[in-house]
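Visitor: I'm new to this one. Could you walk me through it, a question at a time?

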Amino acid sequence: MNKVLFFAHLRDVVGEEFLMVEAAGKTVAELKAELAGKYDLPRLETVMTAINEEFASNDEVIKDGDEIAFIPPVSGG
Amino acid sequence: MKFYEISKEPIHIQSVIDKVVQREAGAITTFIGTVRELTHGKKTLFLIYEAYEAMAVKKLEQIGQEIEERWGGSRVAITHRVGRLDITDIAVVIAVSTPHRADAYEANRYAIERIKEIVPIWKKEHWEDGEEWIGNQLETVAYPSGKPEAGDVDE
């Protein structure tokens with residue numbers, strides 16, 4: 001299983017801080033597309049992804065137990 | 001000592017500065033980011049900052065390492081606040097010490113610009129007539145590969 005974390009406007013849309021999903025073997029892009037369809041997530045082309053707290057590219061393959069986070073454009077500072 | 005922190009409590013400026021004191025330094029610059037009332041004429045009532053804390057600390061550490069590699073002899077400490085902040089509250093404090101003053105200014109500027117690129121922290125502006133998560137101001141930046149490109153982050 002994989003924990004998928006949401007932040008900022010994505011968290012508001014999904015209504016949860018995280019979901020548990022079976023994402024092993026999928027690429028980041030595949031997981032994004034799947035969740036975008038299921039939850040009607042907006043502007044995913046601007047959203048970065050982290051695997052285990054490090055930025056990951058769309059073609060990276062997710063392993064069982066990886067923690068995934070969708071990172072909308074950041075606005076700290 | 002923790003040089004890079006996410007804090008739910010108000011930031012004590014002097015304690016961030018104290019972390020970068022070193023005998024080799026000829027300068028310490030301190031950046032204090034505060035909550036502004038007016039943005040493009042629109043009045044903010046308060047802000048909520050949210051962080052992916054574990055990753056945010058790692059990315060602050062990365063920024064510190066980049067600075068220490070690029071500006072020899074530098075030392076860096078950064079604390080970013082999360083939670084509800086009112087107008088004039090302190091959101092972030094960055095302290096950089098270096099042997100010479102020009103480097104201290106440059107490196108400190110680099111740190112705040114990098115925070116705005118790669119550190120997973122978001123702010124939600126609350127106004128009299130609504131609220132919204134703010135993302136790179138105009139939502140104009142896309143990440144076609146899903147992560148920041150070298151070019152995005154090498155300014």
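Predicted model: local features only at pLDDT ≥ 70, side-chain atom pairs only at ≥ 80, totals over all residues.

Visitor: Which element of chain A gives the largest share of the side that touches chain B?

Guide: Elements giving two or more residues to that side are helix H1 (8-14), strand S3 (48-51), strand S4 (54-56) and strand S5 (67-71) of chain A. The largest share is four residues, and it comes from H1(A).

Visitor: And what about the residues on that side of chain A: how many are charged?

Guide: Sort the residues of chain A that touch chain B by kind, and you get 13 nonpolar and nine polar ones. The charged group there holds eight.

Visitor: Which residue of chain A does B:Lys59 meet in a salt bridge?

Guide: The rule finds four salt bridges across the interface of chain A and chain B. In one of them, a nitrogen of B:Lys59 sits 2.7 Å from an oxygen of its partner. A salt bridge counts within 4 Å. The partner's side chain belongs to A:Glu54.

Visitor: What area is buried between the two chains?

Guide: The size of an interface is often given as the accessible area lost when the parts come together. Here, 30 residues of chain A are in contact with 35 residues of chain B. Carbon and sulfur atoms give 55% of the area buried between chain A and chain B, and that area is about 2600 Å².

Visitor: Which residues of chain A lose the most area to chain B?

Guide: Three residues together make up 25% of what the chain A side buries. They are A:Glu53, A:Val74 and A:Gly77.

Visitor: Which residues have the most contacts inside the largest nonpolar core?

Guide: In soluble globular proteins, nonpolar side chains tend to be buried together. The largest nonpolar core in this model has 41 residues. Beyond its neighbours within four places in sequence, B:Ile78 is in contact with residues including B:Phe3, B:Leu60, B:Val92 and B:Ile115. The residues with the most contacts inside the core are A:Ile71, B:Ile78 and B:Ile115.

Definitions and conventions
Residues numbered from 1 in each chain as written. Chains lettered and ligands numbered in written order. Heavy atoms only, no water. Contact = heavy atoms within 4.5 Å. Buried area = accessible area lost by both parts, 1.4 Å probe. Nonpolar A, V, L, I, M, F, W, Y, C, P; charged D, E, K, R; others polar. Core = buried A, V, L, I, M, F, W, Y, C linked by side-chain atoms within 4.5 Å. Buried < 20%, exposed > 50% of the residue type's maximum accessible area, 1.4 Å probe, protein only.
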